[in-house]
Amino acid sequence: MIDSAKIELRNLRVKDYEELKVSMIKSYHAMPHEYWTKGEIKTLINKFPEGQLCIVIDNKIAGCALSIIVDYDKFDDNHTYDEILGGENFSTHTKNGNVLYGIDVFIHPEYRGMRLGRRLYEARKELCEHLNLKAIVFGGRIPNYAEYADELTPKKYIEKVKLQEIHDPVLSFQLSNDFHVKKVIKGYLSGDHESKEYATLMEWNNIYYTKPQKLVNTTKTVVRLGLVQWQMRLFKDYEALVSQIEFFVDAVSNYQSDFIMFPELFNAPLMAQFNELSEPEAIRGLSSYTERLLETFREFAINYNINIITGSMPFPEGEHMYNVGFLCRRDGSYERYEKLHITPAEETAWGMKGGNKLETFDTDCGKIGVLICYDIEFPEVSRILAEEGMNILFVPFMTDTQNGYSRVKICAQARAVENECYVAIAGSVGNLPKVDNMDIQYAQSAVLTPSDFAFPVNGIKAEATPNTESTLLVDVDLDLLKELHNYGSVRNMKDRRKDLYSLKRKK
C-alpha cells in the first residue's frame with residue numbers, strides 16, 4: 001500500500017497539528033511527553049513558514065523538519081537546545097540571521113526505510129541556498145550512545161560511527177547526508193537519556209553563500225544612549241513643553257545618539273491647569289495631551305534620526321486610566337509599552353490600572369525592553385524579556401524621595417547582573433508646587449551594567465549628578481554581553497537550574 005501511495009513534500013500548516021502530534025509521539029517513543037504544542041507550531045509557521053517542512057502520505061504526516069534562522073555570531077558552539085530556541089516565542093529567530101538552524105527532524109516509524117529523511121534534508125539545503133544563508137547547523141542526538149557510554153567517550157563513539165564500526169540511527173544518517181561533526185556538546189538536550197544528554201553539533205556549509213554587503217542600517221554593536229534628567233517646572237502652555245522636548249532631542253541627536261529616553265510622567269507640569277479638579281479628573285485632563293505628544297515624538301524621531309523612549313504618559317481606555325509610553329523609531333514606526341505594576345499612590349490618587357502588554361521590541365540596535373519605574377522591582381518581568389533576547393532595558397522612572405530612588409536603582413543593578421544586560425534609568429528632578437501629588441522629585445539617572453571584568457567594577461557605566469537637570473550620553477558595547485554570556489566569571493542565564501524551576505508567561 002505504501003509503494004503506491006502519493007508522497008507530497010510541502011510546508012507545514014496549522015491544521016496539520018493533530019496528525020503531526022501523533023507522528024511526534026510515535027517517533028519519540030523514548031520521550032513520549034516531549035512534543036511541540038499547537039501554540040508553538042503556530043508561532044513557528046507564523047514567523048518562518050518556509051522553514052517548516054513536512055512529508056504527507058495518504059493524508060498522514062510521515063515526516064517533518066522544523067527550523068529557524070539565527071544570527072549564529074551571537075551564540076557560542078557550546079549552546080544548549082533551550083538557548084537556541086529562545087523560549088516558546090522563538091525569539092532567537094531573525095530574518096537577518098546567517099544560519100538555518102534545524103530544531104527538529106523526525107520520521108514516523110511506519111514510513112522509515114523510504115529515504116524520506118533525505119528528502120527533508122535536501123529540501124533544507126535548497127532553502128539554505130535560496131535564502132543565501134551560510135550554513136545549516138543543528139545539535140544531533142546520538143541515541144545509541146547509552147549502550148556504549150561505560151566503555152567509550154563521546155569522541156571515541158563518534159569515531160567508530162564514522163568508521164562504520166558502530167551504527168547510530170541518527171548520526172550515521174547525518175554523516176551520509178554531507179553533514180560534518182563540528183564539536184560535541186555536553187548537556188545539550190535535558191532529558192535525552194539515550195544520548196546521555198550529549199549532542200553532536202552538525203554543520204553543512206553552503207558553497208554558494210555570498211556574504212551580504214554591509215549596509216548602513218545593519219544592527220549596531222556599539223550603541224549610544226542619551227538619557228534626559230528632566231527638570232520639573234511650570235510651562236506657560238503646551239507649546240513651551242514641546243519646545244523643551246525638542247531642545248533635548250536636538251542636543252542629544254547632535255552627538256549621534258541611537259536612543260534618547262525621557263522620564264516617567266515627565267509632562268506632569270501640564271497638570272497645573274487642572275489643579276482645581278480632583279486628582280482623578282486632573283490626570284484624565286493630562287491624558288488629553290498624550291496622542292498629540294505621540295505624534296510630536298514620532299515627528300522628532302524621523303527629523304532628528306533617533307529612536308525615542310518617550311518616558312510615560314497617562315492613557316485612557318474607556319473608564320480606566322493606564323500609565324503608558326511609546327518607542328518611536330527613527331523609521332517612523334512606533335510601539336506602545338505599559339506599566340504593569342501600579343503603586344498604591346497611583347491607584348488611590350489617580351485610579352490608575354496596571355497594563356497587560358509585555359514584550360521586547362526590535363530596533364536597528366537590537367532587541368530592547370522598557371519597564372516603567374515600579375516594574376523594575378519585579379525580577380520575573382525583566383527575566384522574561386531577557387529570555388526573549390533583550391540586550392538593553394530602559395527604565396523611565398519618577399520618585400519623590402531618595403529612598404524611593406534607591407529602590408529603583410538597586411533593583412535595576414540587580415536586573416543588569418542577573419539578566420546579563422545593560423539597564424538605563426532616567427528620572428525627573430526639582431519641584432512642581434502647583435501640581436498635587438507631584439510636588440517634589442529626586443533622581444540620579446544612570447546606565448548600569450553586569451559586574452564582571454569587561455565592565456566597571458561597581459556595575460555603573462555612568463551616572464548623572466543627582467537632582468540637577470542634565471543629559472547623560474553613554475556608549476554600550478553589545479559584544480561584551482555576548483562574551484559575558486559565554487565566558488563570564490559567572491553565567492547567570494546559562495547556569496539556571498531549569499530542572500528545578502522555570503518561568504513562563506500566562507498569556
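Me: In which sense do strand E5 and strand E7 pair, and over how many bridges?

Reply: Two strands pair if DSSP finds at least two bridges between them. Here strand E5 (residues 135-140) and strand E7 (residues 198-205) run antiparallel to each other, with six bridges. One example to look up is valine 137, whose bridge partner in E7 is glutamate 203. Before going on, note that this is a predicted model, in which local features need pLDDT of at least 70 and side-chain atom pairs pLDDT 80 or more, while totals for chains, interfaces and linings use all residues. Residues are numbered from 1 along each chain as its sequence is written, and side-chain values use heavy atoms, leaving out hydrogens and water.

Me: Thanks! What order do the strands of the sheet take?

Reply: Strands (E, at least two residues) and helices (H or I, at least four) are DSSP runs, numbered from the N terminus. The open sheet has seven strands with mixed pairing, in the order E1-E2-E3-E4-E5-E7-E6. E1 and strand E6 (180-186) are its edges, each pairing on one side only. On average, neighbouring strands are turned by 25° against each other, direction ignored.

Me: Which strands does helix H4 touch?

Reply: Contact means heavy atoms within 4.5 Å. Helix H4 (residues 116-130) packs on the sheet and touches E1, strand E2 (53-57), strand E3 (60-70), strand E4 (99-107), E5 and E7. For directions, axes are lines fitted to C-alpha atoms, for helices over the stretch in contact, and angles between N-to-C directions run from 0 to 180 degrees. H4 makes about 165° with E4. Helix H5 (residues 154-162) lies across E6 and E7, at about 155° to E6.

Me: Is arginine 10 buried or exposed?

Reply: Buried means under 20% relative accessible area, exposed over 50%, and partly exposed in between (1.4 Å probe, protein chains only). Arginine 10, found in strand E1 (residues 7-11), has a relative accessible area of 13%, so this residue is buried. Leaving aside neighbours within four places in sequence, arginine 10 is in contact with Asp16, Gln52, Leu53, Cys54 and Val56.

Me: How many salt bridges does the structure hold?

Reply: A salt bridge puts a side-chain nitrogen of Lys or Arg within 4 Å of a carboxyl oxygen of Asp or Glu. The structure holds 29 of them. Glutamate 346 forms one with lysine 339, their closest N and O atoms being 2.8 Å apart. Glutamate 346 counts as buried at 5% relative accessibility, and lysine 339 is buried at 2%. Elsewhere, salt bridges that share partners join Glu8, Arg10 and Asp16 into one network.

Me: Which parts does the salt bridge of arginine 233 and glutamate 469 tie together?

Reply: These two side chains meet at 2.7 Å, N to O. Arginine 233 lies in the loop between strand E8 (222-232) and helix H7 (238-253), and glutamate 469 in the loop between strand E22 (460-463) and strand E23 (470-477), so the pair ties together parts 236 residues apart in sequence. Arginine 233 is partly exposed at 24% relative accessible area, and glutamate 469 is partly exposed at 26%.

Me: And where does glutamate 388 lie?

Reply: Look in the loop between helix H11 (379-387) and strand E17 (392-396). Glutamate 388 is buried, with 9% relative accessibility. Beyond its neighbours within four places in sequence, glutamate 388 has contacts that include Asn89, Lys367 and Arg505.
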